[in-house]
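Hi,

Here is the structure I promised to pass on to you.

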Amino acid sequence: MSKKLNVVTGATGLLGSHIAERLTQAGERVRALVRAESDTHFLESIGVELSRGDLQDVESLRTAFHSAEVVYHCAAKVGDWGPWRQFQSQVIDGAQNVLQACEAEQVKRVLHTSSVTVYGHPRERGELFTEDEPLGQNLWLWDYYCRAKIEVEKLCRDYPGDLTIIRPSWIFGERDRNTMPRLFKLVQAGRARLLGSGENKLNIVYAGDVARGAILAANSEKRIGQAYNLCSPGEITQRELMNLLTDEIGRKRIRRRFPFRVAYWAGFLSEIIGRIIRLKRPPHITRYGVGLIERSTQFSIQKARDELGWDLRMPIEEGLRRALDWYRSSLESRSMM
């Protein structure tokens, strides 16, 4: 095993677990920052060292990062729901603490996981958006996830050490506990609808492919200070994705459609009601969720191709089957407890 130490925050989550998995498969030494209550069975099964701590505890971060050559920062609040104070604490303050601890421990390289959501909601104009696109365009009310990610990128730009940013799009795969399970439940319950024509190409990307891009970016000295879109160039349409899901689950294919504007305002109304009644979980429909499904592929990955040698390798169909298999097995495991 390599003596080089890689530390991953958010390693029990979707992307972080795939980064840890790929690093251990390559014979790298991996340590994960995990909370006391986290399920670490998978990480232990692949030989990852565990360091108990929290993003709010700088000393625990310093302990986890001690002697690290690379820190992959993947931990953050995921999704669109919750009060601003949660995004401030779990996304912005957490990232600030990570950077402080990395600087104190003289970590050689930091890989920060951002998101294409930092661009906001740029209007389509017939050309792909590169990494030079202005951030925070046409922000919506309560666009807390987007705003928090933008603030963290500002912190990253001020970091005095070596740091690279990746901006993935909608990530899916094994160990996804957020967006794809919500979609699975809608399909299973017969509540899923096509938004618009259903012919828009999706920004969906397999977590293992993003993990490979993150590792490439973190290990290239020439890419310090750079940001990279890691997303799909448009492999599958919304309709094709829904067809794959319904076929795999054994449901009838979805024929009913909702106009985007109707879905958008339905999501907005659901959010208003959810905030009034202080709903803890996300409503069944939100504008963020509508945007994931309806938004067309519009982000260029040419820079990642040219400078990192990165591209997609996992076929969408195979990736979805893996995600579904993991989701089903996780449901079975919970039912047996």
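In strand S1, Leu5, Val7 and Thr9 point one way while Asn6 and Val8 point the other way, and all are buried. Please keep in mind that this is a predicted model. Five of the five residues of S1 are buried, so the strand is largely enclosed by the rest of the structure.

Which strands pair with S1? On one hand there is S2, which pairs with S1 in the parallel sense over five bridges; Val7 has Arg31 as its bridge partner there. To get from S1 to S2 the chain passes through helix H1 (residues 14–25), and this β-α-β crossover is right-handed. On the other hand there is S4, again in the parallel sense, over four bridges. Val7 turns up here too, with Val71 in S4 as its bridge partner.

Now for the sheet as a whole. It is an open sheet of seven strands in the order S3-S2-S1-S4-S5-S6-S10, with parallel pairing. Strand S3 (49–52) and strand S10 (227–230) stand at the edges with a single partner strand each, so one side of each has no neighbour in the sheet. On average, neighbouring strands of this sheet are turned by 20 degrees against each other, direction ignored.

Further along, strand S5 (residues 109–113) pairs with strand S6 (residues 163–168) in the parallel sense over four bridges. Within that pair, Leu111 stands opposite Thr164 in S6. Two helices that pack on the sheet are worth a look. Helix H3 (residues 58–65) touches strand S1 (5–9), strand S2 (29–34), S3 and strand S4 (70–73), and its direction makes about 170 degrees with that of S2. Helix H4 (residues 84–104) touches S4, S5 and S6, and its direction makes about 180 degrees with that of S4.

H4 deserves a paragraph of its own. How does its length compare with what its residues should span? At 1.5 Å a residue, the 21 residues of H4 should span 30 Å, and the end C-alpha atoms are 28 Å apart, which agrees. There is also a kink of about 30 degrees in H4, centred on Asp93. The buried residues of this helix include Phe87, Val91, Ile92, Ala95, Val98, Leu99 and Cys102. An α-helix has 3.6 residues a turn, so residues three or four places apart point the same way. The partners of the buried residues of H4 are H3, S4, S5, helix H5 (144–158) and S6. Just after the helix, Gln106 takes a positive phi of about 55 degrees.

Finally, the other end of the numbering. In helix H10 (residues 287–294), the buried residues are Arg287, Val290, Gly291, Leu292 and Ile293. They pack against strand S7 (170–172), helix H6 (179–188), strand S8 (194–195), helix H8 (238–249) and helix H9 (260–276). The loop between H9 and H10 holds Arg281. Is Arg281 buried, exposed or partly exposed? Its relative accessible area is 43%, and with the limits at 20% and 50% Arg281 counts as partly exposed. Arg281 also lies 8.1 Å from Gly82 in space, C-alpha to C-alpha, although the two are 199 residues apart in sequence.

Methods
Residues numbered from 1 in each chain as written. Predicted model: local features only at pLDDT ≥ 70, side-chain atom pairs only at ≥ 80, totals over all residues. Heavy atoms only, no water. Pairing = 2+ DSSP bridges. Axes fitted to C-alpha atoms, helices over the stretch in contact; angles between N-to-C directions. Contact = heavy atoms within 4.5 Å. Buried < 20%, exposed > 50% of the residue type's maximum accessible area, 1.4 Å probe, protein only. Right-handed = clockwise from strand over helix to strand, strands pointing away. Expected span 1.5 Å × (residues − 1). Bend = angle between axes of the 7 residues up to and from the residue.
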